[in-house]
Structure formats: structure tokens, C-alpha cells
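Look at the sequence and the fold before reading on. The paragraphs below go from the whole chain to one pair of side chains.

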Amino acid sequence: DDVADGCEDGRIASPSLSRAPPPRWAAPNIALSLHEIDGAREKEAAWAKVKEHHYMDDKFANMAVCYNARLDDTCDAAVGSAGELVGFVAALPQPGVKEEGRSHDASRVCFREHRLVVLPRFQGLGIGPCVSECLASHMLRAHRRRYICRTAHPALGRWREKSALWE
């Protein structure tokens with residue numbers, strides 16, 4: 001299934017550049033869509049394609065909800081082909097904070113980002129934070145679940161510190 005209600009019609013627009021590009025250079029049009037991966041074998045196969053590019057280790061919890069990020073058909077041809085794999089994101093359900101007057105089971109469960117990988121060819125374009133924010137938005141809107149994450153990756157940490165979307 002595509003993530004359709006988490007972001008503008010399931011697509012992630014290219015991030016805006018913080019400074020003007022050099023003369024004669026224009027940022028390519030990059031549009032992505034997230035596709036949910038069902039089944040333990042399918043999740044393991046998807047993780048196998050990207051795990052060598054994860055900055056920490058290749059461990060993976062297959063009980064996570066997983067999504068492939070793929071190029072959308074509206075991308076510039078120079079970026080790549082429609083449907084080309086760009087990255088992977090996975091989130092684990094976590095017990096939520098017990099809400100007053102409700103049982104632990106009835107209290108809100110949240111999701112914690114487990115793995116976020118952008119393939120090397122697409123790194124440095126702001127795709128990782130956009131994928132993370134899109135999935136967080138989807139979890140909030142479609143599932144009414146909070147989305148939390150921690151990272152040791154310096155660039156991703158700086159992005160989240162500056163973003164108004166992360167508390």
C-alpha cells in the first residue's frame with residue numbers, strides 16, 4: 001500500500017535549498033512515494049538491499065512496519081527511473097505513556113523510528129529527513145500514533161533540531 005494520507009497525496013516533494021544554487025545549475029525535481037512492505041520475508045528482502053548502507057549496523061527487527069521509498073513518475077529523467085529504490089524506513093511499535101483513566105492496553109501506542117537508509121546515490125539531497133517526516137505524519141494522521149526517534153547521525157540530528165515538526 002502507498003502512504004497516501006501521510007503526505008501530500010503520498011508524495012514527498014524535493015526539499016527546498018537553503019542557499020541559491022550556483023549559476024547554470026538547477027536542483028532536479030525529486031518526488032518520492034512510500035510503499036508499505038508486508039510480510040516477514042518481504043521485509044527481510046527489502047532490508048537486505050539497503051542494510052550495507054546503514055551508518056550503524058545491519059541488525060533489523062522484522063516486526064517493524066517497513067516502507068520502501070521509490071522515485072515517483074514525476075521526477076526529472078536525470079534523477080532516475082520511476083519506481084527506482086531510493087531508501088528504506090522502518091518503525092517499531094512502542095508502549096505509549098499510560099493515559100489517566102485508561103488501561104495500559106487502551107493507552108496510545110507510539111512508533112519509534114528503527115531504521116532509516118538512503119542509498120548512496122541519493123544521499124545529501126535531504127531525502128532522509130523528508131522520508132522520516134512523511135512517515136511520522138502518516139502515523140499521526142492515519143493511525144493517530146505519536147512518532148519518536150533518536151539518531152546518532154549528525155546531519156539528521158541537526159535537521160531535526162532546526163525543524164518545527166520535531167519537539
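Predicted model: local features only at pLDDT ≥ 70, side-chain atom pairs only at ≥ 80, totals over all residues.

Residues are numbered from 1 along each chain as its sequence is written, and side-chain values use heavy atoms, with hydrogens and water left out.

The protein chain has three helices and six strands, taken as DSSP runs (helices H or I, at least four residues; strands E, at least two) numbered from the N terminus. Their order along the sequence is β-β-α-β-β-β-α-β-α. Of its 167 residues, 40% count as buried, that is, under 20% relative accessible area with a 1.4 Å probe, protein chains only; exposed is over 50%, and partly exposed lies in between.

The largest nonpolar core has 39 residues. Such a core is a set of buried Ala, Val, Leu, Ile, Met, Phe, Trp, Tyr and Cys residues joined through side-chain atoms within 4.5 Å. Among the members that touch the most others are L71, F88 and F122. Strand β4 (85-94) is one of the elements giving two or more residues, and β4 gives the most, with seven. Beyond its neighbours within four places in sequence, F122 is in contact (heavy atoms within 4.5 Å) with residues including L71, E84 and I127.

E84 also pairs with R121 in a salt bridge, 3.0 Å from N to O. The term means a side-chain nitrogen of Lys or Arg within 4 Å of a carboxyl oxygen of Asp or Glu. R121 lies in the loop between β5 and α2, and E84 in the loop between β3 and β4, 37 residues apart. E84 counts as partly exposed because its relative accessibility is 24%.
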